[in-house]
Amino acid sequence: MKTLGLIGGTSWESTVEYYRILNQEINKRLGGQHSCKLRMYSFDFDEIDQFNQTGNLTGVGHRFIEEAVTLEKTGVDAILLCANTAHMFADEIRKNIKIPLIHIAEETGKAISKKGINKVVLLGTKYTMEGDFIKGKLIDHFGIDVVIPAPESREKINQIIFEELIHGKFYDISKQILIKIINQFEDVNGIILGCTELPLIVKPEDTKKILFDTTEIHAKAAVDFILN
């Protein structure tokens, strides 16, 4: 079994889910007393928030690169960024390490293609919805048409993520707002939960649409890698 290097803490609420899925999936496949071999760096999210408050995304990127390089030096076989938004730095991280970085958008694109879906709605932080680091991969690599909610809905989703979900607050009223936004897209059947906190509040039973849980997709792809 190979060893994974995780960069988490953005936020720790979803990093817990990565840890759970990775270990459960390894045990499901290998049985016995098996669990996942990994090393993790977990950010103090306040450090990231201070950069964000001043609009210093370059500073955030440098810290992700620094920790990826440090993990590589410990002998891990691949890097996993435990957040969709963190993948805005994925291409730069790849330039600075020699081991693979398992990309959340690339793995999600594979999962969408397997379902035969060619148009999806992307939900996530404003960075994720409005940037190209997730959408671009899906469009360019898989030919998937990606749509995002209207500006006011993007603001609300972002608010729910940063003011509630990363703090472990899961309110039914916020869940209903998210489901209402999802169901507004009558002509689109595939919904990407493109923030690793969103699957903590929106569940498959909440909508008839096909949900792509990026946390689960990403973690299971990492298990595929370390077992092959």
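**Side-chain pairs**

Mentor: Asp187 and Lys119 form a salt bridge, with the closest N and O atoms 3.5 Å apart. Keep in mind that this is a predicted model.

Trainee: Where do Asp187 and Lys119 sit in the chain?

Mentor: This pair links distant parts of the chain, 68 residues apart. Asp187 is in the loop between α9 (172-183) and β6 (190-193), and Lys119 is in strand β4 (residues 119-123).

Trainee: Is Asp187 buried or exposed?

Mentor: Asp187 counts as exposed, at 63% relative accessibility. Lys119 is partly exposed, with a relative accessible area of 26%.

Trainee: How many salt bridges does the structure hold?

Mentor: It holds 16 salt bridges. One of them joins the side chains of Glu47 and Arg63, at 2.5 Å from N to O.

Trainee: Which charged residue is buried yet has no salt bridge?

Mentor: Lys135 is such a case. The nearest side chain of opposite charge is Asp132, 4.4 Å away, and a salt bridge needs the nitrogen within 4 Å of a carboxyl oxygen.

Trainee: What is Lys135 in contact with?

Mentor: Leaving aside neighbours within four places in sequence, Lys135 is in contact with Leu122, Met129, Glu130, Val146 and Ile148. Lys135 lies in helix α7 (residues 135-142).

Trainee: Switching to rings. How many aromatic pairs are there?

Mentor: Three aromatic pairs. Tyr41 and Phe43 form an edge-to-face pair, 5.0 Å centre to centre with 90° between the planes. Phe43 also pairs with Phe64, and that pair is tilted, at 4.9 Å centre to centre and 50° between the planes.

Trainee: Where are Phe43 and Phe64?

Mentor: Phe43 is in the loop between β2 (38-42) and α2 (45-53), and Phe64 is in helix α3 (residues 57-73). They are 21 residues apart, and the pair links distant parts of the chain.

Trainee: Is Phe43 buried or exposed?

Mentor: Phe43 counts as buried, at 5% relative accessibility. Phe64 counts as buried too, at 2%, whereas Tyr41 is partly exposed at 24%. Tyr41, Phe43, Phe64 and Phe89 form one aromatic cluster.

Trainee: Which lysine lies over the face of a ring?

Mentor: Lys2 lies over the face of Phe225, at 5.1 Å from the ring centre.

Trainee: Last topic. How many disulfides?

Mentor: The count comes to zero. The closest cysteine sulfur to that of Cys82 is in Cys36, 11 Å away, which is too far for a bond. For Cys195 the closest cysteine sulfur is in Cys82, at 13 Å, also too far for a bond.

Trainee: Are Cys82 and Cys195 buried or exposed?

Mentor: Cys82 is buried, with a relative accessible area of 1%. Cys195 is buried as well, at 5%.

Note on methods. Residues are numbered from 1 along each chain as its sequence is written. This is a predicted model: local features need pLDDT of at least 70, side-chain atom pairs count only at pLDDT 80 or more; totals for chains, interfaces and linings use all residues. Side-chain values use heavy atoms; hydrogens and water are left out. Rings of Phe, Tyr and Trp (its six-membered ring) pair if their centres lie within 6.5 Å; planes under 30 degrees apart count as stacked, over 60 as edge-to-face and the rest as tilted. Buried means under 20% relative accessible area, exposed over 50%, partly exposed in between (1.4 Å probe, protein chains only). Helices (H or I, at least four residues) and strands (E, at least two) are DSSP runs, numbered from the N terminus. A charge sits over a ring if NZ of Lys or CZ of Arg is within 6 Å of the ring centre and within 35 degrees of the ring normal. A disulfide is a pair of cysteine sulfur atoms within 2.5 Å. Lys and Arg count as positive and Asp and Glu as negative; His and the chain ends are not counted. Contact means heavy atoms within 4.5 Å.
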